[in-house]
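This report describes a few parts of one protein structure in plain terms. Please look at the sequence and the structure before reading on.

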Amino acid sequence: MSNLQKSLNKQTGAVLAISLIMLLLLTLIGTTGMQVTSLEEKMAGNMRDQILAFQAAESTLNFAEANLKPEPVFVDAGTDGFYSEASAIPSSSAILLASFWSSNPVATYAASGLGNGVTDSRYIVQKMVDSCVSSTLPCPTADQMHNYRVTVRATGGTTSSVVMLQSTYQTPL
């Protein structure tokens, strides 16, 4: 037998085993990288939807506050989303429920400039008891203010991204 044949008979295939282990490790690293990338993509999409919902809520809040000049008609039944101070608006916890916004009189605003599947935002305005800016009694007419509570519910690109904003707005009498 020649030296070449003797050296071929002594090979045990160690290079093949090491190559297969390295290939397995590279496959695991690639699979993990794809899972992380997929998760990050979902997180970015959810953040985009939440930001769209917030922008829609802010623009609706600004629109609702601008509609308070001149003062609209406020009734107990909340016609067109404008509730008087004597109305029986549900509690703050009821306003958080989606059913409140679909079963009670609310006003809508189309934040169409945002696009991307943003639906019409809904809002209500509740007239509150008028207040006095100064602490003197009786309050001079010049210091009296109309108070309103504006509550907005907006959704982003999906119906699961919901933002609610509430502000207290004052205008002079």
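The text below covers a helix, a salt bridge and a residue at the end of a strand.

The model is a predicted one. Helix H2 takes in residues 14-66, which is 53 residues. At 1.5 Å a residue, helix H2 should span 78 Å, and its end C-alpha atoms are 78 Å apart, so the two values agree. Several residues of H2 are buried, among them Asp49, Leu52, Ala53, Ala56 and Ala57. Thr60, Leu61, Ala64 and Glu65 of H2 are buried as well.

A search of the whole structure finds 1 salt bridge. Asp49 forms a salt bridge with Arg48, and the closest N and O atoms are 3.4 Å apart. Side chains of opposite charge can pair when their charged atoms come close. Asp49 has a relative accessibility of 6%, and because this is under 20%, Asp49 counts as buried. Arg48 has a relative accessible area of 42%, so it counts as partly exposed.

Thr155 lies in strand E4, which covers residues 144-155. With a relative accessible area of 11%, Thr155 is buried. The side chain of Thr155 makes a polar contact with the side chain of Thr119 at 2.7 Å. Leaving aside residues up to four places away in sequence, Thr155 touches Ala53, Val118, Thr119, Ser161 and Val162. Of these, Ala53 is a buried residue of helix H2.

The table lists the accessibility values.

| Residue | Relative accessible area | Class |
|---|---|---|
| Asp49 | 6% | buried |
| Thr155 | 11% | buried |
| Arg48 | 42% | partly exposed |

Methods:
Residues numbered from 1 in each chain as written. Predicted model: local features only at pLDDT ≥ 70, side-chain atom pairs only at ≥ 80, totals over all residues. Heavy atoms only, no water. Helix = DSSP H or I, 4+ residues; strand = E, 2+ residues; numbered from the N terminus. Buried < 20%, exposed > 50% of the residue type's maximum accessible area, 1.4 Å probe, protein only. Polar contact = N/O pair within 3.5 Å; in protein donor to acceptor, adjacent residues only side chain to side chain. Contact = heavy atoms within 4.5 Å. Expected span 1.5 Å × (residues − 1). Salt bridge = Lys/Arg side-chain N within 4 Å of Asp/Glu carboxyl O.
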